[in-house]
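Hi,

Here is the structure I promised to pass on. Have a look at it first, and then read on for what turned up.

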Amino acid sequence: MNIYKLLSGIAVLCLVVAIYLTVTGNLSQAGPFFIGFFIALAISFRGSETLKGFTYTTIIFAAVTTALYYPQYFQQYDGFKFAVLITPLIQIIMFGMGTSMSFEDFVGVVKMPRGVFIGVTSHFLIMPLLGFTLASVSGFPAEIAAGIILIGCSPNGMASNVISYLAKANLALSITITAISTMLAPLMTPMLMKLYAGAFVEIDMLRMMWDIVKMVILPIGAGLIFNKLFSGKAKWLDDAMPLVSMSGIAFIIVIITAAGRDSLLTIGPALIGLVLIHNLLGYTLGYFSGKLFKMSERDCRTIAIEVGMQNGGLASGIAKEMGKMATVGLAPAVFGPLMNITGSILASYWHRKPTGDEETYVETGRAH
């Protein structure tokens, strides 16, 4: 019997015990078993080619469960508040994003202007409007509702590029849309937040612009320059950055979960439901915005993914800089793990489904 099957069995056993304790009114004692379930499940996924892509997300669930049960360990240590690490962590993640990009990524605007314009416009049109609509009908406290709008007003995340690749979408277009939407974030995110979230919370546009420049533009710029000067010469960094980024995002989510524990326990299921609707409608409306402009199937998939997937890390950082990490930061913290699950499922579905324009793609080097 291999170790992965054994761990699958342990995961099932932990889940059964956790459910039994919950049903019998001993939810407080079920914590270690829920945590054990997610950890055993995550490691067991490594033994399956189909499921190993979900390992990271399952580890996030284990971390979030730990933060919900034992929040005191993730708020401060010996007077040092962990929240102060959020901004530096995002800067490191964005530097990593910059090192994986090159100035050629921005040339895609010239090569595929129509696709880039439709993708970026759809992204900043659909997601903020969906966020505002969902926040308005949610009945949540104003600051938590504002968090739903914030995740909608954020640029794309790097995860969208991985999902586009797996979904047989147009990777070059995906990378360019991510690059352009990220560069536009200092202008677009504060402006859209003022427009849609101004009625929920006070928005200082200029301060938010500087926060985004500080957290995104400067680190990505440094990463681009680093890549230009040391491309191929710092393999250790190329290997380390994805791991650092994933660990950083996990740590940010855990800190926010611990800070907002009481709110999450009250509105958690409803918030998860609304965030899931936001994400799925983003994919759907993004896909059909491509169809509306008669784009190829490959490009429609790309736009669906670019619209539906957001930079949750940046949104969390903005919430922290606003001083509202435990409220405004909740929706971004929930959106990230959910987005990775739905994105992986969508990529798996599309990977098995022909685009119908494979031959054109091979002949021209990109989708029309």
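Before the rest, a word on the source. This is a predicted model, in which local features need pLDDT of at least 70 and side-chain atom pairs count only at pLDDT 80 or more, while totals for chains, interfaces and linings use all residues. Residues are numbered from 1 along each chain as its sequence is written, and side-chain values use heavy atoms, with hydrogens and water left out.

**The chain as a whole**

The chain has 16 helices and two strands; these are DSSP runs numbered from the N terminus, with helices being H or I of at least four residues and strands E of at least two. For 368 residues, a compact globule would have a radius of gyration near 21 Å, and the chain agrees with that at 20 Å. That radius is taken over C-alpha atoms, and the globule rule is 2.2 Å times the number of residues to the power 0.38. Along the principal axes, the C-alpha atoms fill a box of roughly 60 × 55 × 45 Å.

Of the 368 residues, 52% count as buried. Among contacts with a separation of 6 or more, 79% are between residues 24 or more positions apart, a contact being heavy atoms within 4.5 Å. The chain exposes about 16900 Å², and 70% of that comes from carbon and sulfur atoms; the areas are from the Shrake-Rupley method with a 1.4 Å probe, and for residues only the protein chains shown count as cover.

As for charge, the mean positions of the 23 positive and 19 negative charges are 3 Å apart. Lys and Arg count as positive and Asp and Glu as negative, with His and the chain ends not counted; each charge is placed at NZ of Lys, CZ of Arg, CG of Asp or CD of Glu.

Cys 14 is buried, with a relative accessible area of 14%.

In helix α2 sits Ala 40, which counts as buried at 5% relative accessibility. Leaving aside neighbours within four places in sequence, Ala 40 is in contact with Leu 7, Ile 10 and Ala 11. Val 244 is 204 residues from Ala 40 in sequence, and their C-alpha atoms are 22 Å apart.

Thr 50 has its place in the loop between α2 (27-45) and α3 (55-69). Thr 50 counts as exposed, at 66% relative accessibility. A distance of 18 Å separates the C-alpha atoms of Thr 50 and Ala 159, which are 109 residues apart along the chain.

**Two loop residues to check**

Most residues other than glycine have a negative phi. Asp 78 is not a glycine, yet has a positive phi of about 55 degrees. Asp 78 is found in the loop between β1 (76-77) and β2 (80-81), and counts as exposed at 76% relative accessibility.

Lys 294 also has a positive phi, near 55 degrees. Its loop runs between α12 (261-292) and α13 (297-308), and Lys 294 counts as exposed at 72% relative accessibility.

**Leu 224 and the cysteines**

Leu 224 lies in helix α10 (residues 205-230) and is buried, with a relative accessible area of 6%. Not counting residues up to four places away in sequence, Leu 224 touches Gly 98, Thr 99, Met 101, Ser 102, Phe 103 and Phe 106. Leu 224 and Pro 32 are 192 residues apart in sequence and 43 Å apart in space, C-alpha to C-alpha.

How many disulfides does the structure hold? The structure holds zero, taking a disulfide as a pair of cysteine sulfur atoms within 2.5 Å. Cys 300 is buried, with a relative accessible area of 0%.

Best wishes

Notes
Buried < 20%, exposed > 50% of the residue type's maximum accessible area, 1.4 Å probe, protein only.
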